[in-house]
Amino acid sequence: MQDVEEEFVDRPDQFEKLLSDAEKPHYDGCPNNYTKLSAIVRLYNLKAANGWSDKSFSDLLVAISDMLPQPNELYTSMYQVKKTMSSLGMGYEKIHACRNDCVLYRKEYKDLECCPVCGVSRWKLEKNKDTNKKSVPAKVIWYIPLIPRFRRLFRNDTHANNLTWHATGRIKDGMLRHPADAPQWKTIDILYPEFGKDSRNLRLGLAADGMNPHSNQSTSYSMWHVILVNYNLPPHLCMKRKFVMLTMLISGPKQPGNDIDVFLAPLVEDLKLLWEEGVECFDGYRNETFNLRATLLWTINDFPAYGNLSGYSVKGYKACPICGNDTCSERLKHGKKICYMGHRRFLPQAHQFRKQRKKFNGRPEHEKASQPLTGVQILESVSDLHVEFGKGKGNISVNGTWKKNQFSLICHTGKTYMCVIILM
């Protein structure tokens, strides 16, 4: 209860009820000191770990309640459990969006009824009618704020200790055992020593991809999720489900595509705050308050999602984000497809494959591997690009490669410090 007390400053009555449930015995004479709250939390953890359905869990609660001495304090429905658990969990923001992905209805657009860009109504149309359902938004995203979750992690003494493992418990023998051994991590420490000197500052990775939430795979509905991974943790913990943070769900039915920046705006604002200023946070292991900061080091995507996030065109003759304008590509005469045959240039100069002709494109390979563009070079190439988000806008790419110049440049693999440049 100490971990969540700060989150109930504006809801004292709700906190008093939770505190009462945490102290009330499950039933008179209950062994093992189970309380009304601890019993339901234990059962709910079992439900989540074993994938029980809501109906089966409700039936189980009724059966257990009947078996226990009467009267007892056990809830008998999933609805009651959800009401209690939602107050313990982290809050989320439900944000309306334009159906054409032009804007989010937040801040200055919060009270608008129509999109300020395309003029489309904010609400769904009544079935077989021309009127709007003002209670049903046309499109919605769910954003789960980062900062309260980071604060809760650090208030737990065990988690707070694990979040500095990369500095205190890691074997440092020059081998690549952890992301902290990577040159990108070390580059951040060199370029920004104030950030690097506190091992509690977080290094994050972002993953985004689409999924079909329905069991019917013939449906083309695409919902996108955005997940953050905390690389401060030891390798055996950073990919555990409890530490992988779902930060955003973007509803379909179509993927956001190049307009994903519109939906990522709340997340980028939190990341900018954590990078530029930081937030006050309590360290439960060291029993002190400190200023927590964070940076986004990497993104993890398949190639199409990489294109959506980065704004780089991953189709056509210049689809390689490393080679850029030097991409070796050609169109197959009969297959009518574009193929990329320049991969041998990344081999050592004396490699036997460079001289072979028949097994490849009929020509030897003498070219050298292209050097990845730095973040500064990419910013220069897209600085004059004007972007209008929204379906059907038809933005013109720069040299057939870059289609936008905002958030997603952080996922380019050229130089890691570029993420800092973008977020500043």
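Predicted model: local features only at pLDDT ≥ 70, side-chain atom pairs only at ≥ 80, totals over all residues.
**Entry 1: the whole chain**

I began with an overview. I counted 14 helices and twelve strands in the chain. Of its 424 residues, 43% count as buried. I also looked at contacts between residues with a separation of 6 or more, and 55% of those join residues 24 or more positions apart.

**Entry 2: the sheet**

Next I traced the strands side by side. I found an open sheet of six strands, and I wrote down the order as E1-E4-E7-E6-E5-E10, with mixed pairing. Strand E1 (93–97) and strand E10 (294–300) are the edge strands, each pairing on one side only. From one strand to the next, the twist averages 25°.

E5, which covers residues 202–211, pairs with E10 in the parallel sense, and I noted six bridges for the two.

Which strands does helix H5 touch? I found H5 (residues 147–155) packed on the sheet, in touch with E5, strand E6 (223–230) and strand E7 (245–250). The direction of H5 makes about 165° with that of E7.

I then turned to helix H11, residues 260–276. H11 lies across E1, strand E4 (139–143), E5, E6, E7 and E10, and it runs at about 150° to E7.

**Entry 3: the nonpolar cores**

I looked up the largest nonpolar core and found that it has 45 residues. Phe150, Met248 and Leu267 are the ones with the most contacts inside it. H11 gives the most to this core, with eight residues.

**Entry 4: salt bridges**

How many salt bridges does a search of the whole structure find? I wrote down 15.

I looked at Asp181 and Arg170, whose side chains meet in a salt bridge at 2.3 Å, N to O. Both residues sit in the loop between helix H7 (165–168) and helix H8 (183–191), eleven residues apart. Asp181 and Arg170 are both buried.

Next came Arg200, which forms a salt bridge with Asp198; their closest N and O atoms are 3.2 Å apart. Why do I call Arg200 buried? Its relative accessible area is 9%, and buried means under 20%. Asp198 and Arg200 also belong to a network of salt bridges that links them with Asp283, Arg286 and Glu288.

My last pair here was Arg363 and Glu330, at 3.5 Å, N to O. Arg363 lies in the loop between strand E12 (338–339) and helix H13 (375–382), while Glu330 is in strand E11 (residues 330–331), so the pair ties together parts that are 33 residues apart in sequence. Arg363 counts as partly exposed at 43% relative accessibility, and Glu330 is partly exposed at 30%.

**Entry 5: aromatic rings**

I finished with the rings. A pair of aromatic rings is described by the distance of the centres and the angle of the planes. I noted eight aromatic pairs. In one of them, Phe353 and Phe360 have ring centres 5.9 Å apart and planes at 55°, so I recorded the pair as tilted. Phe353 is partly exposed, with a relative accessible area of 34%, and Phe360 is partly exposed too, at 23%. I also found Tyr44, Trp52 and Phe57 together in one aromatic cluster.

Note on methods. Residues numbered from 1 in each chain as written. Heavy atoms only, no water. Pairing = 2+ DSSP bridges. Helix = DSSP H or I, 4+ residues; strand = E, 2+ residues; numbered from the N terminus. Axes fitted to C-alpha atoms, helices over the stretch in contact; angles between N-to-C directions. Contact = heavy atoms within 4.5 Å. Salt bridge = Lys/Arg side-chain N within 4 Å of Asp/Glu carboxyl O. Buried < 20%, exposed > 50% of the residue type's maximum accessible area, 1.4 Å probe, protein only. Core = buried A, V, L, I, M, F, W, Y, C linked by side-chain atoms within 4.5 Å. Phe/Tyr/Trp six-rings, centres within 6.5 Å; stacked < 30°, edge-to-face > 60°.
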